[in-house]
Amino acid sequence: MDKKRLIAGVLVFGSLWGFSEVIIGTGLQDVGLPYGAIMTGVFALSFLVLSRMIFRQPGMQVGMGFVAGGLRVFNPFIGCHLCSAIAIMAEAVIFEIIWYNIESDFSDLKTITMQSSMGIITAYLVYICGSVTTQVLTPVVGGTGFYLEDLIVFMPRILASGVLTALLGAITLPVTLQVKKLDLTVKDRLYYPATLGLTILCWVVVIGSSLITS
Amino acid sequence: MGKEKIIPVLAMVLLFIGIVSALYVNATQVDKSTITIQGQEYTFDELLVLGGEKTIKTVDGEVSGVSLEGLMKNIGISCTQCSKYTIKGADGYQKTVDWNILKTGVLTEENRVFFPDTPKELWVRYVVEIEVK
């Protein structure tokens, strides 16, 4: 795999993920929808699986998480921006761990049962582990002190909150895998301008919206 | 056991854990309008009289409410500076802070605590108890 092509892929998919977290996530929260579950169970899962499908490069999703998390830091207007950035990065790492043993051609996931099951596992664990990581790291990074008993008492709610995400994942993964049937090859001369343009657009919109609303 | 068996079973197990947790959370949800401090129940108005009103600046703008510093000093805690304070929400969410953080915060009429210059994760909603340790 050409390294330049891969880096461009990391930047564009990470930026799209971060853009959706900031812009779409804000919109979902404003209308009172469970944006955390939707962002992880639909958007994060789609971008992570799509990038794995297109580039077949384990490790790439961690890079995407850092790009998306970096973009999230620029918009502190919903929730805790530090928590969100940490959670996104943790989600990418958890995804890599879960998908470590999945074949790069997705031959393990031929049946709809396997696809939905993998969607449930991925969405649930990514969401739960992201939440737990946030609960641990945010007070440490923020200098407010981490207390294990606070996390233990809150664990049932974290575990419960992952159910909706898991159910969304059960639908999202099979739908995303249908993209394999489409021919989405981009000509080389268009690849870099397209990825660069899309990446810049995501960052400009996110930073611009931050400046406008501040 | 191959992947074709492990993956669906694991998915079912995770869903089961999530659903049981949801039932547990629902069963243990606390529903009350007063706040417990040192074993004593207080309404918001009583806390306001005890602590006095204070306005702080947060990343979300100015917030007014009961001064947690004034409240703890007037409620009869022997050593405010050497105590830890666990702020508990009705939904099971809780956060423990030390005096240096607590004294900067306020409790609003919506029973939510706010602190300036801290991550929002400390802003516990629907506060039902402040435990002093």
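Predicted model: local features only at pLDDT ≥ 70, side-chain atom pairs only at ≥ 80, totals over all residues.
Let me begin with a hairpin, in which β3(B) is joined to β4(B) through two residues; strands here are DSSP runs of E with at least two residues, helices are runs of H or I with at least four residues, and both are numbered from the N terminus. Residues are numbered from 1 along each chain as its sequence is written, and chains are lettered from A and ligands numbered from 1 in the order in which they are written.

Of the six residues of strand β3 (residues 53-58) of chain B, the number buried is zero, so the strand lies largely in the open; buried here requires 20 or more other C-beta atoms within 10 Å of the residue's own, exposed is 12 or fewer, partly exposed is in between, and the C-beta atoms are placed from the backbone.

Chain B also has an open sheet of five strands, with mixed pairing and the order β2-β1-β9-β5-β6. At its edges stand β2 (40-42) and β6 (94-98) of chain B, each with a single partner strand, so one side of each is left without a neighbour in the sheet. Strand β1 (residues 35-37) of chain B is joined to β2(B) by three bridges, and the two run antiparallel; there, B:I35 has B:Y42 in β2(B) as its bridge partner.

Turning to chain A, we find seven helices and zero strands. With 214 residues, a compact globule would have a radius of gyration near 17 Å, and chain A has 17 Å, which agrees; this radius is taken over C-alpha atoms, and the globule rule is 2.2 Å times the number of residues to the power 0.38. Of the 214 residues of chain A, 49% count as buried. Among contacts in chain A between residues at least 6 apart in sequence, 83% join residues at least 24 apart, a contact being a pair whose C-beta atoms, placed from the backbone, lie within 7 Å.

How many residues does each chain bring to the contact between them? Chain B brings 30 residues and chain A brings 28 residues. On the side of chain B that touches chain A, α1 (3-28) and β6 of chain B each supply at least two residues, and α1(B) gives the most, with 15 residues.

Finally, the cores: a nonpolar core is a set of buried Ala, Val, Leu, Ile, Met, Phe, Trp, Tyr and Cys residues joined through C-beta atoms within 7 Å. In the largest one, of 62 residues, A:M64 and A:Y124 touch the most other members. The elements giving two or more residues to this core include α2 (35-55) of chain A and α1 of chain B, and the largest share, eleven residues, comes from α2(A). Apart from this core lies another, of 23 residues, among them B:I37, B:I87, B:L107 and B:F115. Leaving aside residues up to four places away in sequence, A:M64 touches A:V10, A:F13, A:G14, A:W17, A:F47, A:S51 and A:A92.

Conventions:
Pairing = 2+ DSSP bridges. Contact = placed C-beta atoms within 7 Å.
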